[in-house]
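Okay, thanks everyone, let's get going.

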Amino acid sequence: MKTLKAGLVVVAIALLSACSSTGGDGIDIIDVSGPLDARALRFMVDSIERASEREQVLVLVKINSKAVLDGAGYDRLLEIVGNPPLPVAVWVGPSPASAFGGMVAVVEAASHAAIAPGSSWGRTAPVVLGEQRELFGPTESLPAEDWTGVEPAPAIYQLLVAYDGREFNTDRGPVTVRTLRDPADPLSMKRTTFIKPGLVDRFLRLAVIPEAAFFFLVVGLTILVFEFYALGPGVAAGVAAVSLLLGGWGLAVLPTRWWAVALILLGWLLLTWAHQRGRSVVGTGLGTTALFAGGLWMIDGEGQIDPRWWLILLAVLAVLFFYLLAMPTVQKARLSTTTIGREGLIGLKGIALSAFNPDGMVEVEGAKWKATAHREAGLAAGSLVEVTGIDGLYLEVVPTSRET
């Protein structure tokens with residue numbers, strides 16, 4: 001009986017905890033970093049609105065972004081931060097964080113804003129990548145100390161303690177915020193929840209960086225070629241599909257120069273042609289050059305998110321590894337012949353390794369293959385055979401005139 005009562009108490013505590021985790025009177029910290037596309041900006045706006053519905057006492061928006069990629073989403077975020085339904089603060093951090101482009105205006109629109117020492121701000125041109133907007137701030141990168149009106153704060157905890165008792169502007173008028181349960185005890189912080197995008201958004205955001213978009217694109221194309229020439233079991237095709245999905249997403253949301261993408265595709269075709277020609281030096285050199293140049297110019301970052309050349313070079317070297325080492329090695333290991341595919345075996349002679357009824361195993365040019373023959377052929381283990389065709393996964397064989 002005592003055990004039952006103890007179990008009920010534990011269940012009741014768990015239910016109360018679960019209920020309190022969805023209730024109000026807490027602090028939400030919205031955590032999104034990197035270039036902000038439409039999905040990320042919409043997530044930030046939705047998170048603020050949900051916090052208001054849950055009657056949270058404060059929302060803190062963490063900023064670490066060098067570029068804004070969507071004008072409509074940016075305008076909505078700027079509007080809700082400037083006239084929020086609940087107290088909203090903005091923090092550029094942790095160090096070394098950045099607030100470039102339109103995010104400078106978002107910081108300045110908040111009732112209270114802070115920046116971690118060692119972080120940077122500015123580069124407000126362009127406000128939104130790919131759009132022409134009126135400039136409103138410095139066009140160069142500046143240290144945190146030069147941002148007047150934005151207080152320094154190295155950590156979130158210190159900032160939230162400092163906000164206790166402060167007045168914030170909202171669409172309902174001024175609101176005094178209490179971040180501590182006991183104003184005399186700085187350790188009595190109210191429940192704090194970090195709000196991050198879902199798994200799908202976080203997966204797609206892997207490619208919202210120029211170097212990452214280039215990497216996923218070229219690796220996806222290369223693995224497709226690897227799958228074709230190495231006769232893989234299909235796993236490589238799945239990896240290629242995922243890589244191309246991420247690369248395509250990056251091209252869709254980033255300011256892409258499509259002529260540079262065409263240059264990348266040309267480089268990929270030249271490297272494939274060079275592989276077919278037995279590692280042609282000219283084809284490999286031209287393909288590598290086109291690939292590298294396309295990667296450098298693929299994204300028009302306008303000084304905010306320009307691709308870093310050394311990361312592009314690392315991606316190109318990874319592609320060369322596949323073409324010059326991985327594909328030839330796997331081809332030899334899987335085929336064990338000097339030909340690229342099974343069609344090259346037609347006309348060659350081999351030996352039956354088992355009796356045929358009507359299928360069996362043969363050895364041709366030192367490699368073992370599944371094979372099929374007519375039932376009346378009467379092939380037994382040790383019979384000499386000749387390859388006459390290909391039937392799906394099987395070689396078609398007939399007996400030769402001489403047997404061992």
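So, α2 and α3 run roughly parallel to each other, because the angle between them is about 25° and anything under 35 degrees counts as roughly parallel. Their axes are 8 Å apart, and the crossing is left-handed. Keep in mind that this is a predicted model.

Who touches whom here? On the α2 side you've got Leu-41, Met-44, Val-45, Ile-48 and Glu-49, and they meet Gly-73, Tyr-74, Arg-76, Leu-77, Ile-80 and Val-81 of α3. Sorted by class, that contact comes out at 8 nonpolar, 1 polar and 2 charged residues.

Next, the other helix pair I wanted to show you. That's α9, residues 258–276, and α10, residues 281–297. Their axes come within 7 Å and cross at roughly 160°. That angle is over 145, so we call α9 and α10 roughly antiparallel. The crossing of these two is left-handed. From α9, the residues making the contact include Trp-259, Leu-263, Trp-268 and Trp-273, and from α10 they include Leu-286, Ala-290, Leu-291 and Trp-297. There are glycines in there too, among them Gly-267 in α9 and Gly-283 and Gly-287 in α10. By class, the α9–α10 contact has 14 nonpolar and 7 polar residues, and no charged ones.

Okay, salt bridges. How many does a search of the whole structure find? The count is 15. One I'd like you to look at is Arg-54 with Asp-28, where the closest N and O atoms are 2.7 Å apart. Arg-54 is in the loop between α2 and β2, while Asp-28 is in strand β1, so this pair ties together parts that are 26 residues apart in sequence.

Which residue stands opposite Ser-141 of β7? That would be Gly-122.

Right, that's my tour, so over to you.

Technical notes
Residues are numbered from 1 along each chain as its sequence is written. This is a predicted model: local features need pLDDT of at least 70, side-chain atom pairs count only at pLDDT 80 or more; totals for chains, interfaces and linings use all residues. Side-chain values use heavy atoms; hydrogens and water are left out. Two strands pair if DSSP finds at least two bridges between them. Helices (H or I, at least four residues) and strands (E, at least two) are DSSP runs, numbered from the N terminus. Axes are lines fitted to C-alpha atoms, for helices over the stretch in contact, and angles run from 0 to 180 degrees between N-to-C directions. Angles under 35 degrees count as roughly parallel, over 145 as roughly antiparallel, 65 to 115 as roughly perpendicular and the rest as oblique. A crossing is left-handed if the near helix is turned anticlockwise from the far one by less than a right angle, and right-handed if clockwise. Contact means heavy atoms within 4.5 Å. Ala, Val, Leu, Ile, Met, Phe, Trp, Tyr, Cys and Pro count as nonpolar, Asp, Glu, Lys and Arg as charged, and the others, Gly among them, as polar. A salt bridge is a side-chain nitrogen of Lys or Arg within 4 Å of a carboxyl oxygen of Asp or Glu.
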